[in-house]
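I am opening a new set of notebook entries on a structure.

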Amino acid sequence: MRISEIIGHEREINALCASFKGNRFAHAYLFAGPDGVGKRMAARAYAAFLNCTAGLDDSCGVCRSCVAVASGAHQNVIEIWPTDKDGDKDLNGLIKVDAIRDVQSRLRCRIESGMKVVIVEAADRFMPQAANAFLKTLEEPPEATVIFLVTARPFALLPTVLSRCQRVNFAPLDVKKVVDYLVDKKSYPSSEAGLAVRMSEGSISKAMAWLDDGQGMLRLQLAEALGRLTGQDADQALRLADELSKRDDIDEALEAFKVWYRDMAVACNKGGASHEILRAIACYSAINAAQEEIRPPRNANKLLAMETLVLKLAGR
Ligand SMILES: [Zn+2]
C-alpha cells in the first residue's frame, strides 16, 4: 500500500505528508471516520513510507522494508487489535493489557533505521486497564515512534487519550471515486461496481467483499430489482417471488433487501420526503415479517411467503 494509492481524503493526506516531510509530525494521530473508507490502509501506507529505504515522496513498494511491511513482518511496524476470548483478532473483541505490555517492550528495543509505527485498530475497544497502560506510551512516546489510532467511534475514546492525539477526520468516500477505482484499478465490471458501492454507502471494503462473492452480487441485484418493483406488473413481481423462494440463501437475500430499504429510509430522511420514509420503513417491516414466517418454528411455505411479500413491496 502506497500513499499515492489512497483513495480520496486528499486534503488530509497532503497535510500529513507535508508534516512528515518537514519533520513536524505529531507522536500520535487519531484516524476517525466510518468503516471501510481507508483509515487502516492509510496508516499502513504511512508505516511503509516512514520505513522505505528508497522512496522520497512515497514508499517504493519493492524494497525489503516495503515488502516486509506489506506482509506484516516488519520489525518496526506493530499492529494492536482487539481480540476475542481465545486471543484471535476480533473487531468486536477488546484490546487487553497484555497486548499493550507486549507493544511497550517492543518499543523499548532500539531500532537500526526508519521509524517505529504503532497502529491501533478499533481504538475504541480498549479495556480500562489497557487504556491506562497505553496512556503512558501516549504521554511519553519513545523516540522515533508514531502511533496511529484507528476508529469509527471516536466519541467512545477516553478524553485523556483523545487529548493526546492529533485528529484526522476521514469523511465518507465519494461514490463516483470509489466506482472509478474499482473499475479502473481492480477491473470490476462497472455496473456491478456501481451497485455494490451504492449499497455499501461508499465503503470500499464492504463493496469489494460483495463483488468478490458471486452470491453476494446476486443478492444485491435482486435487492435492486425489488427496489424497482413499485408500479410494475404483478407478473413480474410473482416471477421475482418464484426466483427468491428457490434460493438456498433466501434469508441472506432478505437481509440484503432490508439494507436496501434502510438505506432508502436514510436517503429519504436527508431529502425530507416523509411518505417515502414511511414506505421504506413499512417495506423493511414486511421483509422482517416474511423472514419470521419462513424461519423455524413457523417454516411457512416459501413461495407463498415470497408472493405475499413482493406484492406488498410492489404496493399492491
Ligand atoms: Zn520501499
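Entry 1, conventions. I am working on a predicted model, in which local features need pLDDT of at least 70, side-chain atom pairs count only at pLDDT 80 or more, and totals for chains, interfaces and linings use all residues. Residues are numbered from 1 along each chain as its sequence is written, and side-chain values use heavy atoms, with hydrogens and water left out.

I looked up the protein donors (N, O and S atoms within 2.8 Å of the metal, 3.2 Å for Na, K and Ca). For the zinc ion they are the SG atoms of C52, C60, C63 and C66, at 2.2 to 2.3 Å. Along the chain these donors follow the spacing C-x7-C-x2-C-x2-C. I logged the site as tetrahedral, with angles of 104 to 117° among the four donor atoms; the label requires all angles to lie between 85 and 135 degrees. Ideal angles for four tetrahedral donors are 109.5 degrees.

Helix α4 (residues 97-108) packs with helix α5 (residues 128-139) at about 20°, the axes being 8 Å apart. The pair is therefore roughly parallel, a term for angles under 35 degrees.

I found a cis peptide bond between P296 and P297, with omega about 5°. P297 sits in the loop between α13 (274-294) and α14 (302-313). N23, not a glycine, has a positive phi of about 60°; N23 is in the loop between α1 (10-21) and β1 (28-32).

Note on methods: Axes are lines fitted to C-alpha atoms, for helices over the stretch in contact, and angles run from 0 to 180 degrees between N-to-C directions. Helices (H or I, at least four residues) and strands (E, at least two) are DSSP runs, numbered from the N terminus. Angles under 35 degrees count as roughly parallel, over 145 as roughly antiparallel, 65 to 115 as roughly perpendicular and the rest as oblique. Four donors count as tetrahedral if all angles lie between 85 and 135 degrees; four count as square planar and six as octahedral if opposite donors are over 155 degrees apart and all others between 65 and 115; anything else is irregular.
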